[in-house]
Amino acid sequence: MKDILAQGLAQMGITPPPGAVDKLCQYSDLLLKQNKVMNLTAITEPEEVARLHFLDSAAILTWGKETALAPPPSGGSHTWLSGKSLVDIGTGAGFPGMVLKILDPSLSLTLVDSLGKRVAWLERVCEVLCLDHVQCLHARAEELALTSGFRDSFDVATSRAVASFPLLCELCLPYVKPGGVFLAMKSIESHEEVQGGLSAVKRLGGALSDPFDYPIPGGGLSHRIVTVKKLSPTPKGLPRSWGKIKKAPL
Ligand code: SAM
């Protein structure tokens, strides 16, 4: 696990801060132990956790190296996310948010999930791994986004494996402040799904940018980050209730 992570991160051009790889190993141990009594992940082999959860989540850090929107700061373990606020919607067992926090401790992180047991477990993980400036919130994304302090408030929103792109936009884009970005982690075959969300992007004050495809080291797999820039504040009346989001996507 440690070698896969160290080599994979190096291949991705990511310099982990001191102790981060050990923390990821500890996180994996906690995840696989808890997974025996609570449904956290379908992945049960440490090597697969390393590649398909940790290195995949870490790819968000490489996105910033490729875009003019967030030029890479040079040197050390400083990343394009350093000092930024990030909300991870439908974080589940903490992906991608928790991995990003471990790799860049200066990140101000908010994890949101509608399943209370998972959120309680994430709080315990933060304590064990001594992670500060992490809020773990048990909430439905579409409801929390109506609250001041959350609406139009974050530099970055992320989400992986939560909903189809048109629905996901209404769950996530309302959190992003104008000038910020929503990064949806999707398959490289998501082109049609994303095209189906273009009107939602526009209605929510966003604009779609070019996708960023990345290989996951060691697995022969590639995934995609779909980028939506937030141009203007979220219009009144959005997001709607989950029933309406599902029944009539924007
Ligand atoms: N992002 C994690 C990952 O990539 O492993 C978890 C993915 S899991 C398949 C989807 C998660 O989204 C679940 O933990 C679920 O509780 C959460 N979720 C679904 N709809 C949500 C909503 N409207 N608000 C907040 N969380 C939601």
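The dialogue below treats the ligand site and one histidine.

Tutor: This is a predicted model, in which local features need pLDDT of at least 70, side-chain atom pairs count only at pLDDT 80 or more, and totals for chains, interfaces and linings use all residues. Residues are numbered from 1 along each chain as its sequence is written, and side-chain values use heavy atoms, with hydrogens and water left out.

Student: Why is His 53 called buried?

Tutor: Buried means under 20% relative accessible area, computed with a 1.4 Å probe and protein chains only. His 53 has 8% relative accessibility, so the term applies. This residue belongs to helix H3, residues 46-66.

Student: What makes the pair His 53 and Arg 160 a polar contact?

Tutor: A polar contact is a pair of N or O atoms within 3.5 Å; within protein, one must be able to donate a hydrogen and the other to accept it, and residues adjacent in sequence count only if both atoms are side-chain atoms. The side chains of His 53 and Arg 160 are joined at 2.7 Å, therefore within that limit.

Student: Which classes of residue form the shell around the ligand?

Tutor: The shell has six nonpolar, four polar and five charged residues.

Terms used
Nonpolar A, V, L, I, M, F, W, Y, C, P; charged D, E, K, R; others polar. Helix = DSSP H or I, 4+ residues; strand = E, 2+ residues; numbered from the N terminus. Buried < 20%, exposed > 50% of the residue type's maximum accessible area, 1.4 Å probe, protein only.
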